[in-house]
Amino acid sequence: EGTSKEVLAGVYYGLGDVAFQSALDAEKKGMASPTARQAVQAEYDKAAMHYLRVVLLYKDFAGGRELFGATQGVARAFSSIFRITGEKDCALARRSYEFYRRAVGMQERGEAKRILVAEGTALKEKLDAACAAEEAAAASSD
C-alpha cells in the first residue's frame, strides 16, 4: 500500500505541473475578457489543488523532489491567483507567502533558493501594500 501512495504523490505533483504550465500558457495568450481570466484562474486553482494533495495528503510518501516541488508550486499558484485577481485576497496571499517560506526552508543554498527568496519577498511587498488597510482595520477591532 505504501508504494501506491508514493506513486500517487508523484502523479499529483506531475498533474500540478501540467495544470500550472497550462495556466501560464493561457495567461500568455491574454486575459482581456472575464471568461479568459476565469479560465486561467481555474487552471491555477487546479494546479494548487494537485500540489496540496502532495503536501497535505501524501507528504509522508512523497520523495524530496516531489514534496519541495509541490510546496513551491502551491506558493506560485496562490501567488498567481492573488496577482490575476487584482491583489485583493489577502488571506490567499498570506497562505502563498507561508508556502514560499516553507519551500525556502527546504532548499539548499544556491540560485534556486535565491530565486525563491526573491519571489517570496516580492509577494510580501505586494501583500503588505495591498492588505495593510485590511490588517489595520482587523487590529483596531480586536
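This short talk covers the disulfide, the aromatic pairs and the charges over rings in a predicted model.

Ground rules, quickly. Residues are numbered from 1 along each chain as its sequence is written, and side-chain values use heavy atoms, without hydrogens and water. Because the model is predicted, local features need pLDDT of at least 70 and side-chain atom pairs 80 or more, while totals for chains, interfaces and linings use all residues.

The disulfide to begin. The count is one, taking a disulfide as two cysteine sulfur atoms within 2.5 Å. Cys-90 is joined to Cys-131, S to S 2.0 Å. These cysteines sit 41 residues apart, Cys-90 in helix 4 (90-106) and Cys-131 in helix 5 (111-141). Helices here are DSSP runs of H or I, at least four residues, numbered from the N terminus. The S-S torsion is about -95°, so the disulfide is left-handed. Cys-90 is buried at 3% relative accessible area. Cys-131 is buried too, at 0%. Buried means under 20%, with a 1.4 Å probe and protein chains only.

Now the rings. There are four aromatic pairs, meaning ring centres within 6.5 Å, with planes over 60 degrees apart called edge-to-face. One of them is Phe-20 with Tyr-44, edge-to-face at 5.4 Å and 65°. Phe-20 is in helix 1 and Tyr-44 in helix 2, so the pair ties together parts 24 residues apart in sequence. Both are buried. Phe-78 and Phe-99 also form an edge-to-face pair, 6.2 Å and 75°. That pair links helix 3 to helix 4.

Last, charge. The charged end of Arg-102 sits over the Phe-99 ring, 4.5 Å from its centre. The rule: NZ of Lys or CZ of Arg within 6 Å of the centre and within 35 degrees of the ring normal.

Terms used: Helices (H or I, at least four residues) and strands (E, at least two) are DSSP runs, numbered from the N terminus. Buried means under 20% relative accessible area, exposed over 50%, partly exposed in between (1.4 Å probe, protein chains only). Rings of Phe, Tyr and Trp (its six-membered ring) pair if their centres lie within 6.5 Å; planes under 30 degrees apart count as stacked, over 60 as edge-to-face and the rest as tilted.
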